[in-house]
Amino acid sequence: MQHQKMSGSGKELRFISYMQNIGIMLVVLGHSFHEYPDGIHGKSTLLYQLIYSFHMPLFIFISGFLLNLSIIRRKTVPPVSDFLLKKVKRLIIPFVTLTLVTFIPRSFMSGIADDEIQLTWKMLFASLTDVNHLIIPYFWFIQSIFTLLLIGFFLLLLKEKIGMKDTLFYVLVVAIFGFLPLFFTLETSFFSLNNSCANAIFFFSGMTYARYCKPVDSFIKWSSPMMLILLFSFWVVSFLMFKDSGWMIIVCSMFGIAMTISLSHILENRHIAILDHLNGAYYIIFLLSWYFNVLCQQVLSHFTDFSWWIYSMMSLVSGVYVPLVIYRYIRRHPASHLAVIARRFLGQ
């Protein structure tokens, strides 16, 4: 995940913070349906299906937007070594760290978890490389976004080297990666490359929006309540029409992203600060929320007898706010040993 400070020259990007905060709330909420009594962890519910129609494409879109925006502001593509080191520290080190520290405890939870993890070197390797064997299932996003960031970076580097015009470049990348799922389905589960292929259109749409946001924003009145209602309606209708139509779900996801852009601008313009306390913490919430989701839903459910919705509420609240407390400790005590370790191994 990308992170952009929303101060100084980035003040005009405050709406991105709103998008990140809305998105991370939806992510944790979507992971809090495990105990719903349908036998498939709440996947039959309309709310679950609506959330999953766009919440991860939303973060992929934001990552593409912030990658291109940072390069546009620099007015040049940074050195390859600097870019790679930064992304490894931000994405790969937390992924590997949390996988390693979770692997052994998770193997002992096979009796209460959804699937069995064998305590072998082969399984450990698979948990680092195969999307079907990830210790924390939704960490496929880290693998995919790392891949897409590299592809986007090297395409921008190529564009700069050959002097390709912006319009041609963005038309080509959106067209190629937009139509790619129509003609080519990447089956490999290695490092989530199948998910990278399926979601590339959102990443490159985010990059394109970063380049043309001023003319787009002057044309689309994002902060109009009527625009929000219109985009919400399109999102719901497209969901009902396309949810079982394969690649056409992309249309629904795009409307969901556009709806979130509109809502974020409205919250920004009206100074509605209900989610501001989450600013900057979305990534650590993403990284750590799984532990509290599992504790509340898969561990406590074996020792207590509450209704499913109580586990869900506990999962949502603890999944958001315990990592938030950790984030604030890191920010307020930067010199402490715990903060130094957390920053180094959690990409902060």
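**Salt bridges, aromatic pairs and helix packing**

R211 and D166 join their side chains in a salt bridge, at 2.6 Å from N to O; a salt bridge here is a side-chain nitrogen of Lys or Arg within 4 Å of a carboxyl oxygen of Asp or Glu. Helices (H or I, at least four residues) and strands (E, at least two) are DSSP runs, numbered from the N terminus. The model is a predicted one, in which local features need pLDDT of at least 70 and side-chain atom pairs count only at pLDDT 80 or more, while totals for chains, interfaces and linings use all residues. Residues are numbered from 1 along each chain as its sequence is written, and side-chain values use heavy atoms, with hydrogens and water left out.

D166 also meets the side chain of K159 in a salt bridge, at 2.7 Å from N to O. Together, K159, D166 and R211 are linked in a network of salt bridges. K159 is buried, with a relative accessible area of 17%. D166 is partly exposed at 23%, and R211 is partly exposed at 32%.

K159 lies over the face of F169, at 6.0 Å from the ring centre, and R211 lies over the face of Y212, at 4.6 Å from the ring centre. A charge sits over a ring if NZ of Lys or CZ of Arg is within 6 Å of the ring centre and within 35 degrees of the ring normal.

The structure holds three salt bridges. One of them joins the side chains of D276 and R14, at 2.4 Å from N to O. D276 lies in the loop between helix 10 (249–269) and helix 11 (282–299), and R14 lies in helix 1 (residues 14–30), so this pair ties together parts that are 262 residues apart in sequence. D276 counts as partly exposed, at 21% relative accessibility, and R14 counts as partly exposed as well, at 26%.

Aromatic rings come next. The structure holds 27 aromatic pairs. Rings of Phe, Tyr and Trp (its six-membered ring) pair if their centres lie within 6.5 Å; planes under 30 degrees apart count as stacked, over 60 as edge-to-face and the rest as tilted. F146 and F191 form an edge-to-face pair, 6.4 Å centre to centre with 80° between the planes. F146 belongs to helix 6 (residues 140–162) and F191 to the loop between helix 7 (166–183) and helix 8 (193–219), so that distant parts of the chain, 45 residues apart, are linked. Both F146 and F191 are buried. F177 and F204 form a stacked pair, 4.3 Å centre to centre with 15° between the planes. Here F177 in helix 7 and F204 in helix 8 are 27 residues apart, and both are buried. Elsewhere, F59, F95, Y138, F139, W140, F141, Y282 and F286 form one aromatic cluster.

Finally, helix 6 and helix 8 pack at an angle of about 55°, with their axes 9 Å apart.

Definitions and conventions
Buried < 20%, exposed > 50% of the residue type's maximum accessible area, 1.4 Å probe, protein only. Axes fitted to C-alpha atoms, helices over the stretch in contact; angles between N-to-C directions.
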